[in-house]
Amino acid sequence: MKAKANCKINIGLRVVRKREDGYHDLDTVFYPVYGLYDEIEIERDTMHSVSTNECRFIADGIQLDCEAEDNLVLKCYRMMAKKYPQIESVQITLNKHIPFGAGLGGGSSDAAHTALLINELFGLGLTKEQLAQDIRALGADCPFFIYNTPCHATGIGDILAPIDFSLAGKRLMMVKPNIGVSTKEAYSGLVPSGKTLGDMAHWQSWVNDFETTVFAKHPEIGAIKKRLLEAGAVYAAMTGSGSTVIGLFENNAEDGSASDLRVLEEEFSSMIIFNNTL
């Protein structure tokens, strides 16, 4: 069985406050981008005993940034195999395309789609709500990829409310410099803004609070955002905790933006990881 584990972008991201447990309350919109995805294939592994719950894990594509045992795909399988005894030994192949340290939720998406495939392969009959609860411990944004529809996210990013919000018809350019920003680095020195997103009608003015610390450490990321806005983006911001910067453009060749986009495509040719109409 196969799945396309797509990435997400954030439209606005406010870090509201630091909680007593050390985590932070956030206010953001998660938006799925189906055109950039990892490929996951899961099949029964008849070479191992059904009772052993073994997992042969094969990684391809972008080199993993961790040991296989620490990858969320394998962690998801181990967690589910422990909870549901009907799960048998499997072989999982992960073909990685979503870059690491990019703020795109690639690892979380891999975990969620692994859970969805296991649920189907072994006929567990779990609802999306049950799956979301099961994988919540693997990452705050893992549950989002179970639903995979635009959501207003609060709490630590795990309290989800589906929203009527569409970017259909807009062109999305995702630019990732050769820099990875860890969540730990993004939070380092960050002072919570105490603010929330505000009215959905004004989403084009929403900001990402992580830009304050990340741009200070990596001004080249801030320069990408500035350049996207100069080229006519109706919205540009870092997504997640970085380092990818997104630019949304009206898909209208008559207003001259097409020529600006061609200039950007040439200028950022080595850094563009997605450039298409949503």
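User: Thanks! Which residues are linked in a network of salt bridges?
Analyst: R17, R19, D21 and D25 are the ones linked that way. A salt bridge here is a side-chain nitrogen of Lys or Arg within 4 Å of a carboxyl oxygen of Asp or Glu. Bear in mind that this is a predicted model, where local features need pLDDT of at least 70, side-chain atom pairs count only at pLDDT 80 or more, and totals for chains, interfaces and linings use all residues. Residues are numbered from 1 along each chain as its sequence is written, and side-chain values use heavy atoms, leaving out hydrogens and water.

User: What is the N to O distance for R17 and D25?
Analyst: Their side chains meet at 2.8 Å, N to O. R19 and D21 also form a salt bridge, with 2.8 Å from N to O.

User: And is D25 buried or exposed?
Analyst: D25 is buried, at 13% relative accessible area. Buried means under 20%, exposed over 50%, and partly exposed in between, using a 1.4 Å probe and protein chains only. R17 is partly exposed at 44%, R19 is partly exposed at 26%, and D21 is partly exposed at 45%.

User: Switching topic: which residue does D38 form a salt bridge with?
Analyst: That's K96, with the closest N and O atoms 2.5 Å apart. The pair links distant parts of the chain, 58 residues apart: D38 sits in strand β2 (residues 24–44) and K96 in strand β4 (residues 90–96). Strands are DSSP runs of E, at least two residues, numbered from the N terminus.

User: How accessible are those two, D38 and K96?
Analyst: D38 is buried at 0% relative accessibility, and K96 is buried at 2%.

User: Last one: how many salt bridges does the count come to?
Analyst: The count comes to 15 salt bridges.

Technical notes: Helix = DSSP H or I, 4+ residues; strand = E, 2+ residues; numbered from the N terminus.
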